[in-house]
Amino acid sequence: MLALITGASSGLGREMAIYLSELGYDLILVARRKERLEELKKTLSTKVTIFDYDLANEENIYKLYENVSKENVDLLINNAGFGLFGMFSKTNLERELEMINLNIKAYHIMTKLFLKDFIKRDKGTILNVASAAGFLAGPRLNTYYATKNYVAKLSLALYEELKQMKSNVTISVLCPGPVATEFNKVAKGTFNIEEENARKIARIAIDKTLKNKLLIIPDTFTKIGLFLNRFIPWKISLKMVYQIQKRKVK
């Protein structure tokens with residue numbers, strides 16, 4: 001079995017790589033930081049191929065696909081991404097466009113290319129890493145929330161298309177709450193509630209994906225929060241999220 005993981009140099013991607021190697025998967029690991037990938041490779045017991053590609057660059061997405069398309073990937077995990085705290089009128093436009101390229105365009109292209117291959121083989125699994133933010137609007141973390149809405153809703157729609165096709169290809173979407181990764185450092189903010197352990201979330205995500213679970217919300221607190229949000233008027237929900245995000249910004 002062969003799994004491809006983007007954003008594999010740290011956080012959830014790294015922990016997923018470790019767990020999948022323990023399960024016997026050979027791995028294709030993708031991230032910008034080659035040295036981190038090489039360090040991780042040394043610790044894994046299965047065959048590992050690494051690509052130090054920045055997937056915010058569209059050319060690298062196609063280059064990656066060309067390099068691995070004949071390898072018969074069984075599991076694609078789209079995980080690379082980042083956020084940016086701040087008021088929309090003040091955040092850096094170029095950084096936001098980079099985020100859109102990585103959080104949306106890379107996911108979209110990778111999912112499209114590999115899904116077509118999986119459908120031809122009538123075999124394969126995709127795990128798209130979104131966020132609980134994918135079901136909310138996020139003042140002060142606005143672009144990130146919007147990108148995760150895209151990933152979550154695209155994944156849910158593809159699930160139904162595959163079901164109607166009676167395909168054996170499966171897709172899952174991971175929507176956790178705050179996880180202890182490098183997200184805060186990159187986004188220039190900090191969570192004011194306890195973060196979940198990345199290893200724990202990664203293992204739950206893999207286990208449920210391999211059992212063909214569609215929507216993976218790992219912790220009870222997040223499940224309850226998203227459920228209750230359905231009954232809250234939009235304007236109240238927006239105000240609540242704004243105040244939460246306001247306390248995060250450094």
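Before starting on patches, I noted the rule: a patch takes residues with over 30% relative accessible area and no salt bridge, and like charges are joined within 9 Å. I also kept in mind that this is a predicted model.

**Entry 1: surface patches**

I looked for positive charge and found a surface patch formed by Lys208, Lys211, Lys213 and Lys223. I placed Lys223 in helix H8, residues 220-229. Its relative accessible area is 45%, so I wrote Lys223 down as partly exposed.

Then I turned to negative charge: Glu35, Glu38, Glu39 and Asp52 gather in a surface patch. I traced Asp52 to the loop between strand E3 (48-51) and helix H3 (58-68). Asp52 is partly exposed, because its relative accessibility is 40%.

**Entry 2: salt bridges**

How many salt bridges does the count come to? I got seven.

I took Glu22 and Arg203 from the list; their closest N and O atoms are 3.0 Å apart. Glu22 is in helix H1 and Arg203 in helix H7 (residues 198-210), so this pair ties together parts 181 residues apart in sequence. I have Arg203 as partly exposed, at 23% relative accessibility.

Glu58 and Lys105 also meet through their side chains in a salt bridge, at 3.3 Å from N to O. Here Glu58 of helix H3 is linked with Lys105 of helix H4 (residues 93-121), 47 residues apart. I noted Glu58 as partly exposed at 33%, and Lys105 as partly exposed at 33%.

My next pair was Asp74 and Lys123, a salt bridge of 3.8 Å from N to O. Asp74 sits in the loop between H3 and strand E4 (75-78) and Lys123 in the loop between H4 and strand E5 (125-129), so the pair ties together parts 49 residues apart in sequence. Is Asp74 buried or exposed? Asp74 is buried, because its relative accessible area is 11%, whereas Lys123 is partly exposed at 43%.

I also found a network of salt bridges linking Arg14, Glu15 and Arg199.

I followed Glu15 to helix H1, residues 11-22. Glu15 counts as buried, since its relative accessibility is 13%. Leaving aside neighbours within four places in sequence, I found Glu15 in contact with Ala198, Arg199 and Ala202.

Met16 lies in helix H1 too, and I have it as buried, with a relative accessible area of 0%. With neighbours within four places left aside, the contacts of Met16 include Ile5, Ile77, Leu127 and Ala202.

Terms used
Residues numbered from 1 in each chain as written. Predicted model: local features only at pLDDT ≥ 70, side-chain atom pairs only at ≥ 80, totals over all residues. Heavy atoms only, no water. Patch = residues over 30% accessible without salt bridge, like charges linked within 9 Å, V, L, I, M, F, W, Y side chains within 5 Å. Areas by Shrake-Rupley, 256 points an atom, 1.4 Å probe, with all protein chains shown as cover. Salt bridge = Lys/Arg side-chain N within 4 Å of Asp/Glu carboxyl O. Lys, Arg positive; Asp, Glu negative; His and termini not counted. Charge placed at Lys NZ, Arg CZ, Asp CG, Glu CD. Helix = DSSP H or I, 4+ residues; strand = E, 2+ residues; numbered from the N terminus. Buried < 20%, exposed > 50% of the residue type's maximum accessible area, 1.4 Å probe, protein only. Contact = heavy atoms within 4.5 Å.
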